[in-house]
Amino acid sequence: MLSPQPSNFRARLFMDLFSALIIPPVVLSLVLRLCAIRPGRLTPLLYLIFILGWAISKGAYASSKQRRLAEQLGARPVPCVVGKWPGNIDILLKMMGSFKTSYVLDVYLQLFEEYQCTTLNLRILWGDNGARWVAIRRVDTWSRVTSPALQCSRLRDCWNQASHSVYGFNIHFLLMPCVSSPEARFDHIITMDQEHINFVLSTGFKHFWRGRAQKERMETLLGEGIFNRDDDIWKMHRNTARPFFARDRFTDFEIFEHYTSKTLSHLDHTAAHDQPCEAQDLFSRFALDAASEFLFGENLDTLSASLPEPYRTPMGPKGSATQDTWGDFANAFDEAQMNVTKRARIGYLWPLLELFGDRNRPHAEVISEWLDPLVKKALEEKRRFSANGGGESGHSPAADKTFLQHLADSTENPIIIRDQLLSMLLASRDTTACVLTFITYMMAMHPEIATKMRNEVLEHCGSHTMPTFDQIHRLKYIRAVIDETLRVFPPVPLNVRESRSMPCLFPPSDRTFPDSQLQDQSKNQPLLMPGNTIVTFLPLLTQRNKALWGEDADEFRPERWLESETKSKCNANFGMFLPFSHGPRICIGKNYAYNEMTFFLVRLLQRFDRFELALDCQPEGSLPPREWREEGRKGRQRFEKVWPSAALTLFIKGGLWVKFHKAEIHSH
């Protein structure tokens, strides 16, 4: 049972443990009394066996129920991972151990390849859902419908009847309370299937939401922000933010130019002294400073703070750690994200490790120290404006206000304003910084790509002048490099949704494993997606899937984006390329990000022509393990020079140390 308030994770855990560990012994005690049985010394063992048996029985009952429902619907349950230990505990332990040293998401890829399918139920501790309702189906007539979803509304009474259409059926559901409680929610579905991802994000959007479990993990960090809310609150946030990402608000590149110049001045200094620079940290500062001025007219001025020093800066949670106020903020920002990721990996029982303190609370307080003064200032300006007879500033057009001012005009609640600001800063910083970091990494790995990029910049933009909006949109090869980076190194390599209270049907799987017996049997069969079940979808694996992208899917080849076939496939198969998500929750800052990244690359390549990895500067423990290069290893891990890792977003462990070399000729 998840508490209605996501921050009450201890209350939720208490209720679930009570249901799992107290109710079974009470039932057994009553049975023993009724039967006048006294087990004596065997009592503790008997109770332990009964609790375990209770859990196994509930899991078996849920599986049986799903199989019957799937058969009736012409579907099948999601294939389950089968471990050697009860409850797949061995699978859980193996995954937890592998996360420490494996290539990003390789743990999941190995499971998909082992089972030769693209969607799996991990089935940890016998549970895959917290469904509160049992659906009993009666087929009345056949009818062909366009939606493959089981369109069920949430119930308010114990007995209700509703008529729905499902993949060719007209169905009536008679629903009754499920005798099992929802604590068996220890795992989730994982998928790299483009059809299923497209269903979750778009065609079946209404059957999924961020969910209680996700909000619970992220509540202390993102709270009321857009990435941690659903339904009406999410729509309100989105409608508020949308006007500030209209084209006319970011085609004037003055903000980009100002912060790009500050960033390049740091690179000029390091290049002049033949020193490497920690590019990931620098690009994070650039993105954050530009976003802060764009969103609320205030410069956080992180580019003026002390930068990481080669051979001296220790490794931080995601990159480098600097010892100053900015370092405290960045460390809190990153530590909170890492902790959210750890909670997700531990699973449903993560609150056990935080019974005596929320580990994200100290980080949230550091972040608040940076953002709260800005929020307070905006609210005070609003009140002062009204007190001086200025009327309601909320009636002025959005074009005349910053995003922060618009938020202040929309609500007096400083928590909502701060959480929405933080969500936007997180997206603006991590997406742009991630892509620029990995582009720089690829330019160092493939000098010929950097040469092609620079030649295109010189041809269309010259060697000195600031590019215009029209010029950067003529840079086809630069755009191809950005898209290829987004494909191979998506800023959000995995994401999570949760099905709503009623089950639905995934469409038939894609043809990633056409020779698989399991895949062949399901060629025209949908999969039953249980209600109240977490589904983790993995864009990084989908976007490197050879069945979708060809045998060179692991290679960084920007030229594929200049081929009409690639664009046609992406337009026909929305689930195969989604770095900015898809469907109703598609990123509203997509065009802002493309323009910002392209502008920065133009100015960078006008000044620098060679990029050299400085692997000797990487902090201890940040270089790829030797086993990545062992014989038989697949994918990019065989030739990766740095260690891609994932929290909420993708990053390079220990940062990216690079030498930037000035171009000798500045005229074209």
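Trainee: Are Phe199 and Phe506 buried or exposed?
Mentor: In this predicted model, a residue counts as buried when its relative accessible area is under 20%. Phe199 and Phe506 both fall in that class. The answer for the two residues is buried.

Trainee: Why is the pair of Phe199 and Phe506 edge-to-face?
Mentor: Ring planes over 60 degrees apart count as edge-to-face. The ring centres of Phe199 and Phe506 are 5.8 Å apart and the planes stand at 85°, so the pair is classed as edge-to-face.

Trainee: How many residues apart in sequence are the parts that the pair of Phe199 and Phe506 ties together?
Mentor: Phe199 belongs to helix α5, residues 194-203. Phe506 belongs to strand β10, residues 504-506. The pair therefore links parts separated in sequence by 307 residues.

Trainee: Which strands hold Phe611 and Phe660?
Mentor: These two residues form an edge-to-face aromatic pair, with 5.6 Å centre to centre and 90° between the planes. Both Phe611 and Phe660 are buried. The pair ties together parts 49 residues apart in sequence, because Phe611 lies in strand β13 and Phe660 in strand β16.

Trainee: How many aromatic pairs does a search of the whole structure find?
Mentor: Ring centres must lie within 6.5 Å to pair. One aromatic cluster is formed by Phe253, Phe256, Phe294, Tyr592 and Phe599. For the whole structure, the search gives 28 aromatic pairs.

Trainee: Which residue has its charged end over the ring of Trp643?
Mentor: A charge over a ring must be within 6 Å of the ring centre. Over Trp643, the distance from the ring centre is 3.8 Å, and the charged end belongs to Lys653.

How values were computed
Residues numbered from 1 in each chain as written. Predicted model: local features only at pLDDT ≥ 70, side-chain atom pairs only at ≥ 80, totals over all residues. Heavy atoms only, no water. Phe/Tyr/Trp six-rings, centres within 6.5 Å; stacked < 30°, edge-to-face > 60°. Helix = DSSP H or I, 4+ residues; strand = E, 2+ residues; numbered from the N terminus. Buried < 20%, exposed > 50% of the residue type's maximum accessible area, 1.4 Å probe, protein only. Lys NZ or Arg CZ within 6 Å of the ring centre and 35° of its normal.
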